[in-house]
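Hi,

Here is the structure I promised to pass on.

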Amino acid sequence: MTVPYCGAAPLPAEWLSRWNLDPVLIAALAGFAALHLGLLMRERSGDRNAKLALAGSAWALMAVLFVSPLCALTSALFAARVAHHVVLVAGVAPLLILSLPQRLARLRLPGLAGTAAFVLHMVLLWLWHAPAPYAAALADTRMFWVMELSLLGSALLLWLAVLAPAARLGGALALLLGSVVQMGLLGAVITFARTPLYDAHLGVTTPWGLGALQDQQLAGLIMWVPAAIPYLIAALMLLVSRFGAGIADEPAR
């Protein structure tokens with residue numbers, strides 16, 4: 001039986017001791033985090049401290065996802081894997097975009113690139129949660145990282161289109177709404193499937209008090225409801241910031 005990158009499915013009694021201490025992973029995370037934070041430290045902008053906090057949060061979340069025992073838990077529970085992916089694409093990705101160094105913060109996707117980024121991210125999200133590609137990612141470490149990096153990369157492009165200062169409010173809100181709808185549809189498909197779809201989780205969910213189908217239904221609900229929250233918060237923040245700026249720019253009467 002092939003062992004996933006995060007290791008064999010843990011039992012509840014051993015789960016919290018199952019840290020992923022892959023030296024290559026830890027070195028990569030530490031290196032990219034140090035580079036990111038170092039670039040921000042060299043800036044003189046007034047929002048430097050806020051960006052440092054956002055960047056630190058993003059890299060801390062990355063460590064939680066890939067180094068902490070959560071990584072091992074994803075080998076047992078598909079619900080944990082879905083939660084992992086939601087945090088990656090709707091938590092880490094926007095934090096990284098919001099904490100871009102000043103010289104990169106002005107990046108903007110031209111024309112229809114925002115729509116293309118949305119379509120790309122949607123296709124990859126559905127692809128990697130289909131049974132066969134998902135099984136392939138768990139069976140091969142290289143495919144696992146293709147899955148994780150493609151989800152993160154496409155999410156970065158999507159959030160860049162949404163959060164770029166020059167982005168049109170209507171277009172940004174449409175991308176956020178589309179993300180909520182397509183993720184909800186995927187969650188519904190997973191939730192209402194009548195049989196377990198993911199062979200890798202057959203038999204390993206029982207120690208956690210869940211059947212494979214129950215685990216799958218929980219995963220679908222996570223993608224259906226909680227996953228929408230970051231996108232709705234982003235939409236609300238965009239509305240408040242744009243209308244607040246408009247009110248502030250109005251001449252006093």
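Tyr5, Phe66, Phe144 and Trp145 form one aromatic cluster. The model is predicted, so a local feature needs pLDDT of at least 70 and a side-chain atom pair counts only at pLDDT 80 or more, while totals for chains, interfaces and linings use all residues. Residues are numbered from 1 along each chain as its sequence is written, and side-chain values use heavy atoms, with hydrogens and water left out.

Back to the rings. Searching the whole structure gives 10 aromatic pairs (Phe, Tyr and Trp rings, the six-membered one for Trp, with centres within 6.5 Å; planes under 30 degrees apart are stacked, over 60 edge-to-face, and the rest tilted). One of them is Tyr5 with Trp145, an edge-to-face pair at 5.2 Å centre to centre and 70 degrees between the planes. Tyr5 sits in the segment before helix 1 and Trp145 in helix 8 (residues 141-163), so this pair ties together parts that are 140 residues apart in sequence. (Helices are DSSP runs of H or I with at least four residues, strands are E runs of at least two, and both are numbered from the N terminus.) Tyr5 counts as buried at 15% relative accessibility, whereas Trp145 is partly exposed at 21%. The cut-offs there are under 20% relative accessible area for buried, over 50% for exposed and partly exposed in between, with a 1.4 Å probe and protein chains only.

Trp145 also pairs with Phe66, again at 5.2 Å centre to centre, but tilted, with 35 degrees between the planes. That pair links distant parts of the chain too, since Phe66 is in helix 2 (residues 48-66) and Trp145 in helix 8, 79 residues apart. Phe66 is buried, with 3% relative accessibility.

Next, the cysteines. There is one disulfide in the structure (two cysteine sulfur atoms within 2.5 Å), and it joins Cys6 to Cys71 with an S to S distance of 1.9 Å. The torsion about the S-S bond is about -75 degrees, so this disulfide is left-handed. It links distant parts of the chain: Cys6 is in the segment before helix 1 (23-41) and Cys71 in helix 3 (residues 70-76), 65 residues apart. Both Cys6 and Cys71 are buried.

How many salt bridges does a search of the whole structure find? Two, where a salt bridge is a side-chain nitrogen of Lys or Arg within 4 Å of a carboxyl oxygen of Asp or Glu. Arg18 bridges to Glu14, with the closest N and O atoms 3.7 Å apart. Arg18 is partly exposed at 22% relative accessibility, and Glu14 is partly exposed at 33%. The other is Arg142 with Asp140, at 3.2 Å from N to O. Here Arg142 is exposed, at 66%, and Asp140 partly exposed, at 24%.

The search runs on a 1 Å grid over the protein atoms alone: a cavity is a set of points where a 1.4 Å probe fits but cannot get out, a pocket is an open set with protein on both sides within 12 Å along at least five of seven lines, and lining residues have an atom within 4 Å of a point. Points are joined across faces, edges and corners, and a volume is the space filled by probe spheres set on them.

The largest pocket has a volume of about 660 Å³. Of its 28 lining residues, Pro94, Ile97, Leu98, Leu163 and Met237 are the closest to its centre. Helix 11 gives the most to this lining, with eight residues. By class, the lining has 21 nonpolar, three polar and four charged residues (nonpolar: Ala, Val, Leu, Ile, Met, Phe, Trp, Tyr, Cys and Pro; charged: Asp, Glu, Lys and Arg; polar: the others, Gly among them).

The second largest pocket comes to about 500 Å³. Phe32, Trp59, Met62, Leu96 and Leu152 are the closest to its centre among 22 lining residues. Helix 1 provides the largest share, eight residues, and the lining divides into 20 nonpolar, one polar and one charged.

Finally, there is one cavity of 30 Å³ or more. Phe78, Tyr198, His201, Ala212, Asp215 and Gln216 line the largest cavity, with helix 10 (residues 212-224) giving the most, three residues.

Cheers
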